[in-house]
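Here's a quick briefing to get you started. Have the sequence and the 3D view open while you read.

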Amino acid sequence: MIPFYMLERYEGNEPLFELVTMSMVSTYAGEPLHVHAEGLRGTGKTTIMRSCRDILPNITRIKGCIYNCDPDNPHCPLHRDMSLEEIAALGSEEIPMPFLEISHSAKVGTVAGSIDLARLTDPNNPAAQLLPGLIPQAHRGIIFIDEINRLADTSPEITDILLDVMGNKPGHLQIEEAGLPTVDITVSVSVWAASNPDEDPGPLEEIRRQLSDRFDLVCYMGRPDSVDVLANMLEENSHRQKIRNAMKKSSNVYDYSKNDKYREEIIIWAQKYSQTDMPDFLRNFIARLYIKHNLESIRAIEAMQQGAILHSLIKNRDKVMITDVTRILPLALKHRVDGDTLVKLINDVESRGAREGILSFKNKKNKRDEDDEYFQQNARALKDMSRSELVNTEKDLTPTHG
Ligand SMILES: [Zn+2]
């Protein structure tokens, strides 16, 4: 596989690079960000997502803990009831942040976990004898699912597990085994998914709307539209080049240290993320969009907030700006509202931004005034409005010039 630093970047895939970077930063900081890349085959979405494994930073866990217990915050059935002294005595170790993949034909036991029947010595405490599945083993890291639409279509049980895991931040996972009490554990994983909405069984939002809504941000991978990019892509996929790449890999031609830059950035941005907040005027702006456009999903506006803050960080800005919100807006809404609403909303944001200068909001001294002013302009009582404002006359619609 081509190292992350060598991946081709062009206008159509830039949003996905941003999205996965934001998710890695957020995950490393301890808050999942679930992302979904949609697009045609051959646009390289899964290549980009899988190569991120190269640049994931290390995490520290209790030595040998398969659940990746944070020594400062142990959560697994074996360690959660231990004292700090007992934990310290176990020691700690550094491992790469997990990146595990669930295939669309995976089984529930592999994904969630099962009771280790061979080791079931104490039936009163089955939790101690769990064999954790892929999701609990990816705690503090990433779970990747290619063809999520097919998984949602053929495996309602695993879809239900994902709904729980992605329901809150951190999420929950129940491991069930017939005849034994259900075991509930906390999991903090970012779920990354890819799908081609134009292939069977169709777009995720039409198969399992609830699961689609669990993804904070969705990006649609555009086709590459430059001859250079396409020609490079063809060359990269040619038989000769594949053999050359394999030889390069085995002969260490790739300079994997060039990935270090990206890994270091993730760590720095994650540290900043814990200290960065969104200014009130932008938070109010997002809240107004929710009300004005009757958005149904609270997750949508939470994703706008989380996404805008992360976007400002990866652009190395010292504060969150309106452009961060407008950049994230379509990614948070594309899968949650119909096309007409999205177009209306984006036009609304763009025209108001240009007309009134949303940026000038933050220069106002008094927050109260901002709100009054907003509601004066946008939510006046009908009785306060003149007829010409309420009814469009033919003259209004066909203004004369000069
Ligand atoms: Zn543990």
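Predicted model: local features only at pLDDT ≥ 70, side-chain atom pairs only at ≥ 80, totals over all residues.

**How α1 and α12 pack**

- Two packed helices are described by the angle between their axes and by how far apart those axes are.
- Here, α1 covers residues 14–29 and α12 covers residues 260–273, and they meet at an angle of about 60°, with 8 Å between their axes.
- The crossing of α1 past α12 is right-handed.

**Who touches whom**

- On the α1 side, Met24, Val25, Ser26, Tyr28 and Ala29 make the contact, and α12 brings Ile266, Ile267, Trp269, Ala270 and Tyr273.
- Sorted by class, this contact between α1 and α12 has nine nonpolar residues, one polar residue and no charged ones.

**Strand β1**

- Take a look at residues 35–39, which form β1: this strand is mostly covered, with five of its five residues buried.
- In a regular strand, side chains alternate between the two faces of the sheet.
- In β1, Val35, Ala37 and Gly39 point one way while His36 and Glu38 point the other way, and all are buried.

**Neighbours of β1**

- β1 runs parallel to β10 (residues 190–195), and four bridges join the two.
- β1 also runs parallel to β11 (residues 217–221), this time with five bridges.
- Ala37 is a handy landmark to look for: it stands opposite Ala194 in β10 and opposite Cys219 in β11.

Terms used: Residues numbered from 1 in each chain as written. Axes fitted to C-alpha atoms, helices over the stretch in contact; angles between N-to-C directions. Left-handed = near helix turned anticlockwise from the far one by under 90°. Contact = placed C-beta atoms within 7 Å. Nonpolar A, V, L, I, M, F, W, Y, C, P; charged D, E, K, R; others polar. Buried ≥ 20, exposed ≤ 12 C-beta atoms within 10 Å, placed from the backbone. Pairing = 2+ DSSP bridges.
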